[in-house]
Amino acid sequence: MSASSSPCDVLVVGAGGREHAIAWKLAASSRVRRVFAAPGNPGIGRVAQCVPIAATDIGGIVRFVRESGCRYTVVGPELPLSLGLADALREQGFAVFGPDAGAARIESSKSYGKSLMDRAGIPTAAYEVFDEPSRAREAAMWAARESGNGVVVKLDGLAAGKGVVVADTPEEAGRAVDALASGARGESSARIIVEERLVGEEASVMCVSDGSAVCMLAPARDHKRSLDGDEGPNTGGMGAVAPVDMPDLPWIREAILQPAIAQLAADGHPFVGVLFAGLMLTANGPRVLEFNCRMGDPETQAVLPLLESDITDLIEAACHGGLNPDLPSFRCSHSVCVVMASPGYPGDHPVGIPIQIPARLERGDGDSVVFHAGTAMLDGQLVSSGGRVLGVTALGDDLSCARAKAYTAVEAIKFDGAHYRRDIGMRHRAAEAGIQSK
């Protein structure tokens, strides 16, 4: 590889729990001298030097990389990727772990993502795309009525995790189209996708790619609904567990991930970074719900603590080519991440709630660590600043042990009104028992 083996400086772009986990892992690497974060958050500031540059300030980030001499830039969120941050950095000759805007369309445009799946022969749900909300409304209501199983309604563009509605009835489907189309006006495309509702267990599979080869990370499972028992509205994610038992993993690599990477390259946009596949494990095999152009959140907070390999090796191989599919190794442990959110999330919620985290959890002593997602400092006090506030992760020899440690840590954190699910990982355990008994 062309990169130097001397310790290097790395910039992490973003300010959430995913970016905290990435910075935390980089800071533990013997190959990294300093970690910077733009803009970061108070938790990230414990392992990195935060710089006041917004993740969407393309020019500001390019200038910082040039002036600081960072060898690699790792882009966490999807929005700066869709705005062309990776393109701008590569045009200046800088190595960046993240796809160009063309490849990022696999997430920023759900209609492009579905088209890519069709062209690559990747199994996914049946769908239709509508430019007229009135036609989408009619089709969604009809599909929900005919299927007897509801329907999925999606907004074509980025929506910060709020662009997908699972509707159980025709009336819910109609309201979903109205809400998504109304919220999109003036902000993004109002194109609507009406999709078959798949049945099964969900799973998240992430792979690192250098544009042609892929190496897979530990599979995970997110918990999207806001309330216990998978009730309530969809959220950006209320918790995650890793790894999950997936006998089809080699098939997923060959039939889903590798064809997607190959199709992106054929479209003229080789994908460098992490490709995320949200899957439904149906009775007829895995089907793709969506692709994302970056690491999942909160899946990253569950997966990276299991990674034994040096994350810098993965980043370097992706940026410079020659990725070894067998490169990553993982601990023989289980991981559980519980998200602590603001009261009212995912609806309107207050900010500025004081938070107290025991020092041992902030340091990551033992098998538990707290990743900051939506926090800020106000007059010297750590406070909430967003919907999802903390991701509390713990490792254990088995899932039950990891769950117990994670919830013990959650209970040690003082955060008035904190909303969190109390069943993260329980559905996963039941699903595995069902699979094994078949």
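This briefing covers a helix, a hairpin, the nonpolar cores and the aromatic contacts of the structure above. The model is predicted. Its largest nonpolar core has 71 residues. A search of the whole structure finds three aromatic pairs.

**Helix α2**

- Helix α2 spans residues 58-68, and its buried residues are Ile58, Gly60, Ile61, Val62, Phe64 and Val65.
- An α-helix has 3.6 residues a turn, so residues three or four places apart point the same way.
- The cover over the buried residues of α2 includes the strands β1 (8-14), β2 (32-39) and β4 (72-75).
- The helices α3 (78-82) and α4 (85-91) are also among the elements covering them.

**The β16–β17 hairpin**

- Strands β16 and β17 form a hairpin, with two residues between them.
- The two strands run antiparallel, and seven bridges join β16 (residues 272-282) to β17.
- Within this pairing, Leu279 stands opposite Val288 of β17.
- Strand β17 covers residues 285-292; six of its eight residues are buried, so the rest of the structure largely encloses it.

**Nonpolar cores**

- In soluble globular proteins, nonpolar side chains tend to be buried together.
- In the largest core, the residues with the most contacts inside it are Leu11, Leu257, Leu275, Phe291 and Ile413.
- Leaving aside neighbours within four places in sequence, Leu275 is in contact with residues including Leu257, Ala260, Ile261 and Phe291.
- Ile106, Val205, Met206, Cys207 and Asn292 are also among the contacts of Leu275.
- A second, separate core has 44 residues, including Leu26, Val208, Ala240 and Leu306.

**Aromatic pairs**

- Trp24 and Phe371 form an edge-to-face pair, with 5.3 Å centre to centre and 75 degrees between the planes.
- Trp24 lies in helix α1 (residues 17-27) and Phe371 in strand β20 (residues 368-372), so the pair ties together parts that are 347 residues apart in sequence.
- Trp24 is partly exposed, with a relative accessible area of 24%, whereas Phe371 is buried, at 0%.
- Tyr407 and Tyr420 form a tilted pair, with 6.4 Å centre to centre and 40 degrees between the planes.
- Tyr407 sits in helix α13 (residues 399-412), and Tyr420 in the loop between β24 (414-415) and α14 (426-437).
- Both Tyr407 and Tyr420 are buried.

**Charges over rings**

- Arg422 lies over the face of Tyr420, at 4.5 Å from the ring centre.
- The charged end of Arg105 sits over the ring of Tyr112, 4.0 Å from its centre.

Methods
Residues are numbered from 1 along each chain as its sequence is written. This is a predicted model: local features need pLDDT of at least 70, side-chain atom pairs count only at pLDDT 80 or more; totals for chains, interfaces and linings use all residues. Side-chain values use heavy atoms; hydrogens and water are left out. Buried means under 20% relative accessible area, exposed over 50%, partly exposed in between (1.4 Å probe, protein chains only). Helices (H or I, at least four residues) and strands (E, at least two) are DSSP runs, numbered from the N terminus. Contact means heavy atoms within 4.5 Å. Two strands pair if DSSP finds at least two bridges between them. A nonpolar core is a set of buried Ala, Val, Leu, Ile, Met, Phe, Trp, Tyr and Cys residues joined through side-chain atoms within 4.5 Å. Rings of Phe, Tyr and Trp (its six-membered ring) pair if their centres lie within 6.5 Å; planes under 30 degrees apart count as stacked, over 60 as edge-to-face and the rest as tilted. A charge sits over a ring if NZ of Lys or CZ of Arg is within 6 Å of the ring centre and within 35 degrees of the ring normal.
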